[in-house]
Amino acid sequence: MPKVSIIGAGNVGATVADVLAQQGIFGKVVLLDIVKGKAEGKALDMWESAPLRGSDTKVVGVTNDYQATEESDVVVITSGVPRKEGQSRDDLISINAKIVKEVTENVVRYSPDAKIIIVSNPLDVLTYVASITAKKPKNEVFGMAGVLDSARYRSFIALELGVSVRSIHATLLGGHGDFMVPLPRYTYVGGMPLTQLMSKEKIDAIVKRTQFGGGEIIKLIGTSAWIAPGNSVADMVYSILGDCNRILPVCAYLEGQYGYNNVYLGVPAVIGKNGINKILEIELNEEEKAMLDRSYKGVKELMDVVDKMGLF
Ligand code: APR
């Protein structure tokens with residue numbers, strides 16, 4: 001029976017649990033939070049919805065009891081503080097790096113074989129923190145960002161063209177931040193290149209809206225999004241549990257791919273039961289490579305900040 005544990009029962013964590021329960025993964029979902037009663041209450045609310053959904057997925061909540069997470073197949077780490085208006089994802093680093101380190105230590109103690117998905121921001125650098133802490137094969141610790149960013153991008157394109165979101169296929173590269181790199185040249189609408197169906201001005205506007213998609217939501221509701229992020233994580237969990245080998249943009253450790261070493265950056269990858277089975281490299285033109293370089297530099301700078309924090 002598959003088991004998924006989610007650390008942090010806040011907006012994103014609870015949404016992941018809720019989506020998995022709705023999809024009926026026919027297993028167990030454990031929600032864990034540091035705040036007493038929070039995970040228990042949300043899990044109970046979800047379990048009470050089970051008869052209405054017709055889903056037997058067991059959702060249980062615990063307060064900081066890592067034993068309840070033991071032998072999980074997948075662990076999702078969402079613990080941390082979310083962004084508020086006026087904050088960048090990078091502002092969260094000093095608080096969230098310590099939280100992610102401590103949480104990862106507890107996670108691997110009880111689930112040494114779990115695939116670990118990081119969600120806490122700043123995403124790329126916290127995936128680095130989790131990976132160093134976990135001391136696991138690099139393909140088993142990765143971050144969720146690209147699935148969300150590409151969902152936002154696809155949703156805007158569908159809206160503009162008046163076609164189904166299911167007809168839009170896209171990937172993107174780079175860090176989860178304002179320097180992410182959407183790739184219109186590799187975006188397809190019903191198998192046709194987007195660049196032939198939409199003007200450059202419209203595409204540029206959609207790319208920009210995608211890059212600042214997180215901020216747009218914060219401006220509206222005062223905190224960071226959780227519905228699209230939660231669904232994005234659930235998509236990744238599904239591909240792991242089902243060994244689907246879906247190609248998803250994830251934050252992965254690069255060893256020479258795209259010309260970068262020793263960095264976590266968003267790239268398309270094949271995701272199955274072993275985690276990342278393969279990173280796919282696509283040809284980039286000069287402009288795309290320059291954008292990716294800028295994104296890489298941003299992530300590297302934050303990795304340096306973490307290195308100087310003396311966490312390891
Ligand atoms: N152990 C377990 N849970 C913790 C810990 C910890 N050490 N520290 C904080 N938490 C919990 C909080 O109690 C809270 O319930 O993490 C949860 C975070 O939830 P929210 O504050 O609702 O934040 P959310 O919107 O879910 O975002 C979580 O994901 O997208 C990113 O930027 C976002 O880093 C943020 C993370």
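This is a predicted model: local features need pLDDT of at least 70, side-chain atom pairs count only at pLDDT 80 or more; totals for chains, interfaces and linings use all residues.
A polar backbone atom of Val12 lies 2.8 Å from an oxygen atom of the ligand. I then checked Asn121: there a polar backbone atom is 3.0 Å from a ligand oxygen. Ile34 came next. Its polar backbone atom sits 3.4 Å from a nitrogen atom of the ligand.

How much of the ligand does the protein bury? I looked up the ligand taken alone, which exposes 730 Å². The protein buries 89% of that.

**Ligand, shell**

I listed the residues around the ligand and found 20. Those that come nearest are Asn11, Val12, Asp33, Lys38 and Asn121. So Val12 and Asn121 turn up again, this time in the list of nearest residues.

I sorted the shell by residue class. Nine residues are nonpolar, nine are polar and two are charged.

Which elements give two or more residues to the shell? I noted helix 1, residues 11–23, and helix 3, residues 93–110. Helix 3 supplies the largest share, three residues.

**Backbone, Asn121 onward**

Asn121 and Pro122 are joined by a cis peptide bond, with omega about 0 degrees. I placed Pro122 in the loop between strand 5, residues 115–118, and helix 4, residues 123–134.

At the other end of helix 4 I checked Lys135. Where does Lys135 lie? I found this residue in the loop between helix 4 and strand 6, residues 141–143. Phi of Lys135 is near 55 degrees. I flagged this as a positive value in a residue other than glycine.

Technical notes: Residues are numbered from 1 along each chain as its sequence is written. Side-chain values use heavy atoms; hydrogens and water are left out. A residue is near a molecule or strand if one of its heavy atoms lies within 4 Å of it. A polar contact is a pair of N or O atoms within 3.5 Å; within protein, one must be able to donate a hydrogen and the other to accept it, and residues adjacent in sequence count only if both atoms are side-chain atoms. Accessible areas come from the Shrake-Rupley method with a 1.4 Å probe; for residues, only the protein chains shown count as cover. Helices (H or I, at least four residues) and strands (E, at least two) are DSSP runs, numbered from the N terminus. Ala, Val, Leu, Ile, Met, Phe, Trp, Tyr, Cys and Pro count as nonpolar, Asp, Glu, Lys and Arg as charged, and the others, Gly among them, as polar.
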